[in-house]
Amino acid sequence: MTTATDFADAQVLSEASPALDGDWVRELAREHYGIEGEMKPLTGERDRNYRLERAADGARFMLKISHPAETALVADFQTQALLHLAAADPGLPVQRIVPTRDGAASLTCDPGDGLPRVVRLFSYLPGLPLPEAPRTPTQQQNLARMLARLDVALAGFDHPAGELPLPWDLQRADSVRGLLAHIAEPERRALAAAALDRFERDAKPVLRTLPAQPIHNDFNIYNLLVDPADTDRIAAILDFGDMVRAPCINDLAVAAAYQAGTGDDPLAAIVPLVAAYHAVRPLSPAEAGVLFDLIAARLVMVVAISGWRAARYPENAPYLLRNNPLSWARLQACERVGSAAATAAFRRALNL
């Protein structure tokens with residue numbers, strides 16, 4: 001049986017990030033970045049994140065201190081990706097790396113517990129969190145186009161850390177099968193197992209044949225900001241912490257999983273999203289053929305991994321479980337549609 005310990009970075013998942021002394025964080029910001037002012041802790045699944053507001057001019061930044069179990073190579077993957085995007089598509093609304101006083105893109109510090117951590121400072125992007133904004137078809141199409149544009153820009157980038165296995169890698173969705181034992185309800189457990197069966201049988205063999213590249217891998221609504229004055233406009237793409245080298249279709253599947261409906265027609269919101277993405281980065285018939293099974297597999301990963309972690313760290317459960325009830329409802333709705341009908345709908349919408 002697969003368990004969480006089979007993940008290459010299970011320690012990052014299974015151990016909460018140790019708390020840091022606020023005075024130490026403030027001194028870190030002052031010494032290495034010359035920033036003094038207000039500091040506000042931000043939520044995060046693995047890392048310790050802080051919003052800094054410089055007293056001198058009110059400029060805001062986001063300080064990220066990585067989980068001590070995360071390797072420097074993985075952190076550098078995200079850093080180099082942002083540097084690449086700044087050159088490949090400067091208009092993309094992603095955070096920019098703010099160098100240290102010495103001009104370094106990142107640094108390593110030990111807060112005194114013998115566990116070195118990678119530290120980076122990012123520009124702070126203003127905007128309204130997408131979950132707090134009204135939803136419209138135009139906004140959804142802009143979201144899809146932005147993701148496609150991001151994938152096109154990342155196509156020319158590579159990094160050795162991209163090959164490392166990560167827990168949230170959709171290519172390895174079947175690796176969460178052992179976590180299904182923690183799902184108390186037999187009906188839900190069977191639903192999740194059936195989705196993983198389809199992934200292993202129908203999608204996983206095809207994924208191995210598709211072109212791979214670095215992808216964002218977590219294009220969900222909580223990682224997007226919109227313009228408060230025009231909520232149809234995507235103002236920021238956040239959190240590159242789950243990046244991996246994978247088939248590009250996985251990026252679209254992750255995004256679509258968070259757009260699926262829960263009623264009689266869960267595809268009503270997904271099909272226009274897929275069509276808008278296709279208009280910028282065309283999908284192949286093979287990619288369209290596995291998309292629905294990938295969407296369902298991602299939903300299983302959300303409920304399995306987050307539920308397992310929340311049971312161990314109840315103090316962070318509200319953050320970890322924020323997507324779970326809706327993800328279960330979406331998975332149930334998708335099961336009612338079925339893979340064959342969904343794939344036919346995608347192919348019609350894309351004229352494949």
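Helix 5 and helix 8 cross with left-handed geometry, a crossing being left-handed if the near helix is turned anticlockwise from the far one by less than a right angle, and right-handed if clockwise. Helices here are DSSP runs of H or I with at least four residues, and strands are runs of E with at least two, numbered from the N terminus. This is a predicted model, in which local features need pLDDT of at least 70 and side-chain atom pairs count only at pLDDT 80 or more, while totals for chains, interfaces and linings use all residues. Residues are numbered from 1 along each chain as its sequence is written, and side-chain values use heavy atoms, with hydrogens and water left out.

Helix 8 also packs against helix 11, and that crossing is right-handed. Here are the two pairs side by side; axes are lines fitted to C-alpha atoms over the stretch in contact, and angles run from 0 to 180 degrees between N-to-C directions.

| Pair | Crossing angle | Axes |
|---|---|---|
| Helix 5 (residues 186-207) and helix 8 | roughly 145 degrees | within 9 Å |
| Helix 8 (residues 285-312) and helix 11 (residues 339-349) | about 135 degrees | 9 Å apart |

Helix 8 and helix 11 are therefore oblique to each other, as angles under 35 degrees count as roughly parallel, over 145 as roughly antiparallel, 65 to 115 as roughly perpendicular and the rest as oblique.

Now to the interior. A nonpolar core is a set of buried Ala, Val, Leu, Ile, Met, Phe, Trp, Tyr and Cys residues joined through side-chain atoms within 4.5 Å, with buried meaning under 20% relative accessible area, exposed over 50% and partly exposed in between (1.4 Å probe, protein chains only). The largest such core has 85 residues, of which Ile 249, Leu 294, Ile 295 and Phe 346 touch the most other members. Helix 8 gives the most to this core, with 16 residues. Leaving aside residues up to four places away in sequence, Leu 294 touches, among others, Phe 199, Leu 207 and Ile 249.

Finally, a backbone detail: Asn 351, although not a glycine, has a positive phi near 55 degrees. Asn 351 lies in the segment after helix 11 and is exposed, with a relative accessible area of 71%.

Methods. Contact means heavy atoms within 4.5 Å.
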